[in-house]
Amino acid sequence: MKKNLLNHSSANYIIARIDRLENESKALWGEMNPTEMLAHCNSCNKQIFEESRSQSSTNIKQYFLRILALYLAPNFSKRRISEERHDTKGKIDPLEFETQKELFKVLINKFPQNKETLTVTHPAFGNISTNEWGIAAYKHMDHHLRQFGV
């Protein structure tokens, strides 16, 4: 069974890992510092809960990318470019680390408590189910925690 943030055990595991992240942690890849990474994850997770599906339909490329990324590949690629609205590089003060870390935990805890259908369209995978959002969010958080070795 795929790890999924909609499950309490997966959400708790992510939170236990984020508790090991420090403001001075160094990235193993990429250019974000820990505060920027947390702000990026928080921006993405807020979007999952706050936006609704676009009118566009899922194309065949998005469908196959979804199958590959969510079900076949063990991890997300290290060199993906974020949507502009989630790009936090140089846009947040590192002194916001603790605030962003606490918000991260609040948002992660929203996943297993969620009873609503998640309907936002994923930028790469198209229109995905609530369960697939749980898988995608888990893999995204795992990606960034591995980025910082936690």
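Biologist: Is K105 buried or exposed?
Modeller: K105 counts as buried, at 18% relative accessibility, where buried means under 20% relative accessible area, exposed over 50% and partly exposed in between (1.4 Å probe, protein chains only). Please keep in mind that this is a predicted model, in which local features need pLDDT of at least 70, side-chain atom pairs count only at pLDDT 80 or more, and totals for chains, interfaces and linings use all residues. Residues are numbered from 1 along each chain as its sequence is written, while side-chain values use heavy atoms, with hydrogens and water left out.

Biologist: OK, and which residue does K105 form a salt bridge with?
Modeller: The partner is D19, with the closest N and O atoms 2.5 Å apart; a salt bridge here is a side-chain nitrogen of Lys or Arg within 4 Å of a carboxyl oxygen of Asp or Glu. K105 sits in helix α4 (residues 97-113) and D19 in the loop between α1 and α2, so this pair ties together parts that are 86 residues apart in sequence. Helices are DSSP runs (H or I, at least four residues), numbered from the N terminus. D19, at 42% relative accessibility, is partly exposed.

Biologist: How many salt bridges are there in the whole structure?
Modeller: The search finds six. Another joins E36 to K89, whose closest N and O atoms are 3.6 Å apart, and it links helix α2 with the loop between α3 and α4, 53 residues apart. E36 is buried at 3% relative accessible area, whereas K89 is partly exposed at 40%. Elsewhere, R17, D142 and R146 are linked in a network of salt bridges.

Biologist: Switching to α3, which residues are buried there?
Modeller: They are Q62, R66, A69 and L70, and they fall within an arc of 85 degrees when seen down the axis, so they line one face of the helix; the arc is that of the directions from the helix axis to the C-beta atoms. The face turned away from this buried side carries the exposed residues I60, K61, F64 and L72.

Biologist: What do the buried residues of α3 pack against?
Modeller: They pack against α5 (130-147). E132 also forms a salt bridge with R66, the closest N and O atoms being 3.8 Å apart, and since E132 lies in α5 and R66 in α3, the pair ties together parts 66 residues apart in sequence. Both E132 and R66 are buried.

Biologist: And N45, what does it touch?
Modeller: Leaving aside residues up to four places away in sequence, N45 touches L107, I108, F111, A137 and M141, a contact being heavy atoms within 4.5 Å. N45 belongs to helix α2 (residues 34-50) and is buried, with a relative accessible area of 1%.

Notes:
Helix = DSSP H or I, 4+ residues; strand = E, 2+ residues; numbered from the N terminus.
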